[in-house]
Amino acid sequence: MRILIDRFIELLKWPIALYMLASLPAFVKSLYAFNFMSWKYVVLAAGIVMFFISKNMSDAGVKSTIQIIAHEFTHAFFAYLTFHKVTHISIEGDNSGGHMEFKGKGNWLIIIGPYFFPLFCLFCMIGIWVYTWFAPMNLILNGLLGYFLGWHIDAVTSQIHEKQTDLPKVGYKFCLMFLPGANLWMLGTILAFNSRGWEGVYIYQRFINYLNAKNYDIALNFILNLF
């Protein structure tokens, strides 16, 4: 089962990279649909600011350790998601990095996961979803989501660099094609959840499909008019 999943994911590698690259205009254009002046987004932005304030006030070693833990746990999350048993997670004594080991060959999704997927935001979103079963949504939860979104933004921007050992494993060409769109997709998903919960996420995905279809029609008509 694990081997079949790995092979299937490897088959999807370049089609997904091409999709993310072709969807960049849609991801960017979709941001104009959000009402950033509403209180939900103002408080979300305040949560992001609070993260960076708390980061600057924290001990450098603690910040580095937490960031590495989040990085390795995201690797582990995708390993478990694709039916790989995680056998070991460790952090270097000097906080220079970490290491996660699992059974099986693995796939590109396990390697690239921490560079686009907001794991802590996902946990926060699930927590908010459970909370709203028993109580109404409130602005404190929007601020909490913003805090973890700030964490994700900081983690991605600080970990994507030329000395990162994970990126060459999947190829720099793939990273250039996949990561910008994947990160914008995750950002839009979180913004949509902040507005209307999981219903907002569903509407956002449909909106991306609509924008893509519209952009493809424009591109096709442009090409046909050349001949």
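Student: In this predicted model, is Cys175 buried or exposed?
Tutor: Buried means under 20% relative accessible area. The relative accessibility of Cys175 is 6%, so Cys175 counts as buried.

Student: How many disulfides does the structure hold, and what is the distance from Cys124 to the nearest cysteine sulfur?
Tutor: The count of disulfides in the structure is zero. A disulfide needs two cysteine sulfur atoms within 2.5 Å. Cys124 is in no disulfide, and the nearest cysteine sulfur belongs to Cys121, at 6.8 Å.

Student: Is Cys124 buried or exposed, and which residues in α6 are buried?
Tutor: Cys124 has 8% relative accessibility, which is under the 20% cut-off, so it counts as buried. The buried residues of α6 are Leu119, Cys121, Leu122, Cys124, Met125 and Ile128.

Student: Which orientation does α6 have to α9?
Tutor: The two helices cover residues 119-134 (α6) and residues 172-225 (α9), and their axes come within 11 Å and cross at roughly 5°. Angles under 35 degrees count as roughly parallel. Therefore α6 is, relative to α9, roughly parallel.

Student: Which residues in α9 do those of α6 meet, and how many nonpolar residues has the contact?
Tutor: From α6, the residues in contact are Cys121, Leu122, Met125, Ile128 and Trp129, and in α9 they meet Ile190, Phe193 and Trp198. By class, the contact has no polar and no charged residues, and its nonpolar residues number eight.

Student: How far apart are the end C-alpha atoms of α6?
Tutor: With 16 residues at 1.5 Å a residue, α6 should span 22 Å. The distance between its end C-alpha atoms agrees with this, at 24 Å.

Key. Residues numbered from 1 in each chain as written. Predicted model: local features only at pLDDT ≥ 70, side-chain atom pairs only at ≥ 80, totals over all residues. Heavy atoms only, no water. Buried < 20%, exposed > 50% of the residue type's maximum accessible area, 1.4 Å probe, protein only. Axes fitted to C-alpha atoms, helices over the stretch in contact; angles between N-to-C directions. Helix = DSSP H or I, 4+ residues; strand = E, 2+ residues; numbered from the N terminus. Parallel < 35°, antiparallel > 145°, perpendicular 65-115°, else oblique. Contact = heavy atoms within 4.5 Å. Nonpolar A, V, L, I, M, F, W, Y, C, P; charged D, E, K, R; others polar. Expected span 1.5 Å × (residues − 1).
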